[in-house]
Amino acid sequence: MEKSEKRTGIVGGGISGMAAAWELLKKGVAADIYERDATLGGLAGWFSVNGTTLEKFYHHLYNLDKDLIQLIHEVGLGENLVFRQTNTGAFYVNKIYRLSKPIDLIKYKPLPFMDRIRMGLLVLKARKVQDWRDLDKISAKDWIIRNSSQTVYDIVWSPLFRSKFGRYANEVSAAWLWSKLVQRGGSRSKGGAEELGYLKGGYGLLFNQMEQKLTEQGVRIFKNAPVDGIETRNGIVTGLRTGGQTIPYTHVIACTQLPDYLSIAGDAPEGYRSELNKIGFLGNATLVMRLRKRLSDTYWVNITDPECPFVGVIEQTNLLDESHYGGNHLAYISRYMDVQDPMYNMTVDELYRVYAPWLKKVFPEFTDEWIEELMLWHEPYSQAVVSTGYGDRIPDAVTPIKNLYLSTMAQIFPEDRQMSNGVKFAKKAAELVISE
Ligand SMILES: Cc1cc2nc3c(=O)[nH]c(=O)nc-3n(C[C@H](O)[C@H](O)[C@H](O)COP(=O)(O)OP(=O)(O)OC[C@H]3O[C@@H](n4cnc5c(N)ncnc54)[C@H](O)[C@@H]3O)c2cc1C
């Protein structure tokens, strides 16, 4: 393939930065990647467990995640892609209720019978919506209450919104909920069972394989290499400032979280920066438990009790069984919160002490003796606050600085922030470089 004169600097070695470089390479455009951490992966970063890799934060995929699935195949890991039937449940007053199939809703005792019907109708109504723009004008709370009942909101949804969006729970856009209902509801086998995907060997395998293939083709990947600024002249990108020097580039793609982008895009106009600065984020702290025994047969347990200090328990080994992890069972205990929340800053032991009584309540057989290892991971920009009208605030891939493009998780709306959407936006940014 003919080599282009363009030289692109990519900031960030998460899935978006790697996918952008992959896309550029396919079109013969040279790229360098700068990652401030010692390892690639970003939010999908990983650690080693009994000879394999596991993400710091739970990472499944839906069968609708076409861009990620395509990338996995292109990288040569298609055979590692597995889809499994999984169970979802909700913990409500001392019991886990199954909520995997539509029929489970009819049996969901925490809701009065008529409200179960109302809830079912709400889901059906969501599936019929074609254009989400009108839904973005109202909050999910108002939309749920208007289309089902206050009880449905209080018992089913309110705890989930509070756990994922904290003090912003009542502001979340109905468009986000709509997309979540359609997306997760759409990830089903032909028989209607919930089906989620995963990459055998973990996403560490994907990043390692991409790193190797990109490097072989001449992409330079710099780790421990924070970019301190995007250099411009007369409103046009000229390079990246890193390690005390400026490296010239004709184009730059920023593939970081939005606040990280704003911290290096100092030359962008103030009005643009202050609009983007209005988008808030929640952090996430996830405790990973390596266990001798299985907590339950449910992959994803939503905790609906507002007193419970965590949102959900995601048992990885109910997606990919324990034989892949040396016989250990692995569970993620997740909580979203403001980074100022004292719990965000707790040590692993402090957090476990807060969680332990609740873990024993949700899984009555669980004891401390089951624990082989506890690990704790934090990320400050884990979820953008997608309040009503977010559709009008989505950051554009094209920035006011010529030849500077943006691919960031905050662009993903109304869909949830799946990695696959990160790949989609990375492709779009790469396409802009290629066609420019
Ligand atoms: C708790 C949790 C659960 C999730 N579950 C799922 C799931 O089940 N399925 C799914 O598909 N997705 C899931 N996601 C979302 C998924 O992780 C993200 O969508 C995706 O990883 C974002 O990729 P990215 O490349 O856009 O950003 P990031 O992964 O954030 O990568 C950005 C990179 O830029 C680097 N960087 C920042 N500033 C600089 C700088 N100045 N110089 C150099 N480098 C810099 C960072 O270190 C980072 O590595 C989850 C996320 C969280 C937090």
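## Around the ligand

The shell around the ligand takes at least three residues from each of two domains: domain 1 (7-38 + 223-279 + 394-435) and domain 2 (46-55 + 62-100 + 194-202 + 281-384). These domain bounds come from an automatic or database domain assignment. Please keep in mind that this is a predicted model, in which local features need pLDDT of at least 70 and side-chain atom pairs count only at pLDDT 80 or more, while totals for chains, interfaces and linings use all residues. Residues are numbered from 1 along each chain as its sequence is written, and side-chain values use heavy atoms, with hydrogens and water left out.

Which residues come nearest to the ligand? Of the 32 residues around the ligand, they are Glu35, Leu43, His59, Arg417 and Met419; a residue counts as near if one of its heavy atoms lies within 4 Å. By class, the shell has 14 nonpolar, 13 polar and 5 charged residues. Here Ala, Val, Leu, Ile, Met, Phe, Trp, Tyr, Cys and Pro count as nonpolar, Asp, Glu, Lys and Arg as charged, and the others, Gly among them, as polar.

## Polar contacts and cover

The side chain of glutamate 35 has an N or O atom 2.6 Å from an oxygen atom of the ligand. Methionine 419 has a backbone N or O atom 2.7 Å from a ligand oxygen, and a polar backbone atom of tyrosine 58 is 2.9 Å from a ligand nitrogen. A polar contact is a pair of N or O atoms within 3.5 Å; within protein, one must be able to donate a hydrogen and the other to accept it, and residues adjacent in sequence count only if both atoms are side-chain atoms.

How much of the ligand does the protein bury? Taken alone the ligand exposes 1000 Å², and the protein buries 96% of that. Such areas come from the Shrake-Rupley method with a 1.4 Å probe; for residues, only the protein chains shown count as cover.

## Two helices to look at

Let us turn to helix H5 (residues 140-147), whose buried residues are Ala140, Trp143 and Ile144. They lie on the same side of H5 because they cover an arc of only 100° around the axis, taken from the directions from the helix axis to the C-beta atoms. An α-helix has 3.6 residues a turn, so residues three or four places apart point the same way. Buried means under 20% relative accessible area, exposed over 50%, and partly exposed in between (1.4 Å probe, protein chains only). Helices (H or I, at least four residues) and strands (E, at least two) are DSSP runs, numbered from the N terminus.

Lysine 26 belongs to helix H1 (residues 15-26) and is partly exposed, at 33% relative accessible area. Its side chain makes a polar contact of 3.1 Å with the side chain of glutamate 74.

## Backbone details in the loops

Phenylalanine 413 and proline 414 are joined by a cis peptide bond, with omega about 5°. Proline 414 sits in the loop between strand E19 (404-406) and helix H12 (419-435). The backbone oxygen of proline 414 lies 3.3 Å from a polar side-chain atom of serine 179. Serine 179 is in helix H7 (residues 174-186) and is buried, at 6% relative accessibility.

Asparagine 224 is not a glycine, yet has a positive phi of about 50°. Asparagine 224 lies in the loop between strands E9 (220-222) and E10 (227-233) and is exposed at 54%. Asparagine 403 has a positive phi of about 70°, but is buried at 10%.
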